[in-house]
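We go from whole chains to the contact between them, and then to a few helices and residues.

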Amino acid sequence: MNNVLLEIKGLKTYFHTGLGTVRAVDGVSLRVLKGEAVGLVGESGCGKTMTAHSIMKLVPTPPGVIEEGELWFRDMDLLKLPDYDMRKIRGREISMVFQDPMTYLNPVMKIGKQIAEVMSGPPQERLVVGLLESVGIPEPSKVANQYPHELSGGMRQRVLIAIAMANDPALLIADEPTTALDVTIQAQILDLIKTIKTEKGTSLLLITHDLGIVADMCDRVYVMYAGKIAESGDVYSIFEEPLHPYTQGLLRSSLSIAEFRETLETIEGTVPNLLDPPSGCRFHPRCPMAMSICKEKEPTLTQQKPGHEVCCWLFEDDGQKRSNP
Amino acid sequence: MDKKEVILEVSNLKKHFPLREGFFSRSSRSVRAVDGISFSLAQKETMALVGESGCGKSTTAKLLLRLIEPTSGTIRFLGQDFLSLKGNDLLSLRKELQIIFQDTLASLNPRKTLREILSQPFRNDGVPTVSLTGKVSELLDLVGLSPPAVYLNRYPHELSGGQRQRIGIARALALRPKLIVADEAVSALDVSVKAQILNLMKRLQRQFDLSYLFITHDLAVVRSLADQVAVMYLGLIVESGPVRQIFSNPLHPYTQALLSATPVPNPRLARQRKRMLLKGDVPSPIDPPKGCRFHTRCPFVMSRCREEEPELKEKGDGLAVACFLHE
């Protein structure tokens with residue numbers, strides 16, 4: 001298991017609010033290998049972002065608490081790591097790119113200074129400019145002397161990627177990195193992330209709601225629903241032989257420019273409130289195949305074929321498909 | 001398509017926003033948000049206006065509703081010169097033209113119940129108060145919020161995003177308009193909910209013979225909903241025509257780039273297809289590039305493109321493109 005870079009085991013991140021406990025991440029296990037691109041997909045409010053923030057130990061506390069689980073990065077359990085050591089991991093070993101670069105860039109500090117700040121060793125203008133150049137910023141020495149508001153959305157995202165890549169991290173977590181961007185700019189940024197990945201061998205954990213981006217970028221996929229992993233597998237088995245009814249519904253309801261459908265298939269209902277999630281399998285109120293057991297007992301994640309796991313009562317431990325009563 | 005009755009005809013529509021700059025707020029320059037666009041829309045038809053941010057698609061929506069007045073150009077709606085109408089004539093024609101917005105939290109009054117929100121269009125139209133509850137219930141039913149009694153006294157914040165968009169649609173539908181302008185109406189919704197709303201809009205279109213003008217940046221939505229599409233870039237239409245044709249054989253390099261940049265949820269297809277990456281950002285509409293506005297990013301740019309501006313020319317079958325490659 002030497003090629004495992006990140007291994008999350010049974011992670012639970014809860015938010016204790018005045019209204020009750022929100023179980024945003026509720027027993028998530030996930031693995032990222034060296035050099036691998038892993039996608040974490042799901043609809044809004046399913047806990048994707050909180051999973052990422054938990055990895056970085058950036059969960060706002062209070063009200064958020066990482067209740068349980070293990071976060072193995074190389075041979076360290078990040079959850080047991082003191083804050084001082086964690087700071088050496090963040091931005092050096094694991095770094096993150098966010099959806100809204102304007103929120104994460106300091107509006108009153110020049111771009112070049114913000115980049116120099118994260119670099120280890122004495123700041124060197126040459127290195128900063130080289131870094132800006134490597135993320136495809138035209139006129140890098142001019143941009144280094146500009147402020148974030150002077151740049152376009154795509155350029156700001158490139159700056160954020162430059163900051164994330166400044167220390168050659170082993171793992172890059174990208175949380176909806178292109179959601180706020182126009183399609184042609186999105187294509188540029190995705191292309192840049194791909195290039196970085198191949199050139200530097202960085203592992204990628206890509207969080208998105210867009211199945212198209214996952215299909216294009218990722219080797220393996222985890223599908224999340226209401227704080228839990230519903231299904232995981234390599235990208236081809238997830239898209240071509242999805243097992244979980246939620247994955248199937250998600251794929252059938254995604255629109256594509258490649259085909260026209262007269263009536264679109266949908267998943268009825270909406271994502272449940274995590275303050276009071278449904279009993280048993282959390283997907284059962286929306287599931288077209290729901291059985292009586294689904295309301296009563298929670299299914300567990302079981303392996304169906306090598307590398308393809310699903311959390312659904314339709315699949316027993318022996319891999320036999322249950323008949324729908 | 002020619003047999004259908006044309007209900008909306010836009011010609012050479014322009015909107016320039018003057019910039020306030022200089023010592024005495026003298027404005028010499030302006031943002032050319034919409035810079036001379038023409039299109040027409042037939043009854044029961046859906047036309048999509050696509051483009052990236054800043055291309056002028058939302059300004060076009062506002063112009064069509066006369067929420068802002070154009071700099072020049074004409075809009076004919078249901079056979080009348082929409083821009084010259086005033087007073088009661090304008091009000092009665094406006095009933096036929098409604099809008100759905102992207103941000104439902106901003107476009108629905110948070111202090112009013114759904115009953116009040118959905119009663120408003122009827123009140124404006126002089127419908128007697130006694131029949132309002134019945135009419136509102138009927139609307140809620142139509143958009144799939146049933147039983148209506150459950151929803152009548154709720155507030156917008158108590159609903160999910162998808163349900164709120166259903167209210168937005170119900171409000172637009174109240175006075176049975178001929179044309180609904182949908183400005184990024186499904187962009188903020190999750191995948192599964194987006195499909196629900198698109199299905200609803202398709203059903204309502206058949207039921208009430210509606211025309212839609214769908215303003216979006218999402219080409220996958222266009223593919224599943226629209227009959228006609230017009231692609232905008234920096235305030236101009238660069239290509240327009242039937243969706244099926246344009247998606248299978250895009251002529252303008254910008255349309256080609258947009259299509260190739262849109263991710264497809266199919267790993268094999270996604271890895272096989274050739275990507276056409278555009279350089280740089282969209283230029284500012286304050287000083288759009290000389291000649292063809294796309295020339296700064298176009299992979300096929302010729303010297304002529306930097307000098308002359310190509311016109312939108314008919315190519316037959318309702319197709320039109322503004323590019324020197326296709327002259």
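Of the 327 residues of chain B, 46% count as buried. Bear in mind that this is a predicted model. In chain A, buried residues make up 48% of the 325 residues.

| Chain | Helices and strands | Box along the principal axes |
|---|---|---|
| Chain A | twelve helices and twelve strands | roughly 70 × 50 × 40 Å |

How does the radius of gyration of chain B fit a compact globule? For 327 residues the globule value would be near 20 Å, and chain B has 21 Å, which agrees. The same check can be made on chain A: with 325 residues, a compact globule would again be near 20 Å, and the chain has 21 Å, in agreement.

In chain B, 64% of the contacts with a separation of 6 or more come from residues 24 or more positions apart. For chain A, 62% of the contacts between residues at least 6 apart in sequence join residues at least 24 apart.

**Where the chains meet**

Between the chains, 35 residues of chain B are in contact with 39 residues of chain A. On the chain B side, the elements that give two or more residues are helix H8 (191-208), helix H9 (219-225), helix H11 (253-261) and helix H12 (267-272). H8(B) gives the most to this side, with seven residues. By class, the side of chain B that touches chain A divides into 20 nonpolar, ten polar and five charged residues.

In soluble globular proteins, nonpolar side chains tend to be buried together. Here the largest nonpolar core has 190 residues, and those touching the most other members are A:Ala162, A:Leu205, B:Ala170, B:Leu213 and B:Val231. H7(A) gives the most to this core, with eight residues.

What does B:Ala170 touch, leaving aside its neighbours within four places in sequence? Its contacts are B:Leu118, B:Leu139, B:Leu140, B:Leu142 and B:Val143. One of these, B:Leu118, is a buried residue of helix H4 (residues 114-124) of chain B, along with B:Leu114, B:Ile117, B:Ser119 and B:Pro121. The cover over the buried residues of H4(B) includes helix H5 (132-142), helix H6 (148-151) and helix H7 (161-173) of chain B. After H4(B) comes B:Gly126, with a positive phi near 80 degrees.

**A helix pair in chain A**

Two packed helices are described by the angle between their axes and the distance between the axes. In chain A, helix H4 (residues 111-118) and helix H5 (residues 125-134) pack at an angle of about 105 degrees, with their axes 10 Å apart. Angles of 65 to 115 degrees count as roughly perpendicular, and H4(A) and H5(A) are therefore roughly perpendicular to each other. From H4(A), the contact is made by A:Gly112, A:Ile115 and A:Ala116, and from H5(A) by A:Glu125, A:Val128 and A:Leu131. By class, this contact of H4(A) with H5(A) has four nonpolar, one polar and one charged residues.

**Two leucines in chain A**

A:Leu151 is found in the loop between helix H6 (140-143) and helix H7 (153-165) of chain A. Is A:Leu151 buried or exposed? The count inside 10 Å is 20 C-beta neighbours, so A:Leu151 counts as buried; the cut-off for buried is 20 or more. Apart from residues up to four places away in sequence, A:Leu151 touches A:Val143, A:Gln146, A:Arg156 and A:Val159. A:Lys305 is 154 residues away from A:Leu151 along the chain, and their C-alpha atoms are separated by 48 Å.

A:Leu211 lies in helix H9 (residues 211-217) of chain A. With 27 other C-beta atoms within 10 Å, A:Leu211 is buried. Leaving aside neighbours within four places in sequence, A:Leu211 is in contact with A:Val41, A:Leu250, A:Leu251 and A:Ser254, and also with B:Pro265 of chain B. From A:Leu211 to A:Gly233 there are 22 residues in sequence and 14 Å in space, C-alpha to C-alpha.

Notes. Residues numbered from 1 in each chain as written. Chains lettered and ligands numbered in written order. Helix = DSSP H or I, 4+ residues; strand = E, 2+ residues; numbered from the N terminus. Buried ≥ 20, exposed ≤ 12 C-beta atoms within 10 Å, placed from the backbone. Contact = placed C-beta atoms within 7 Å. Nonpolar A, V, L, I, M, F, W, Y, C, P; charged D, E, K, R; others polar. Axes fitted to C-alpha atoms, helices over the stretch in contact; angles between N-to-C directions. Parallel < 35°, antiparallel > 145°, perpendicular 65-115°, else oblique. Rg over C-alpha atoms; globule rule 2.2 N^0.38 Å. Core = buried A, V, L, I, M, F, W, Y, C linked by C-beta atoms within 7 Å.
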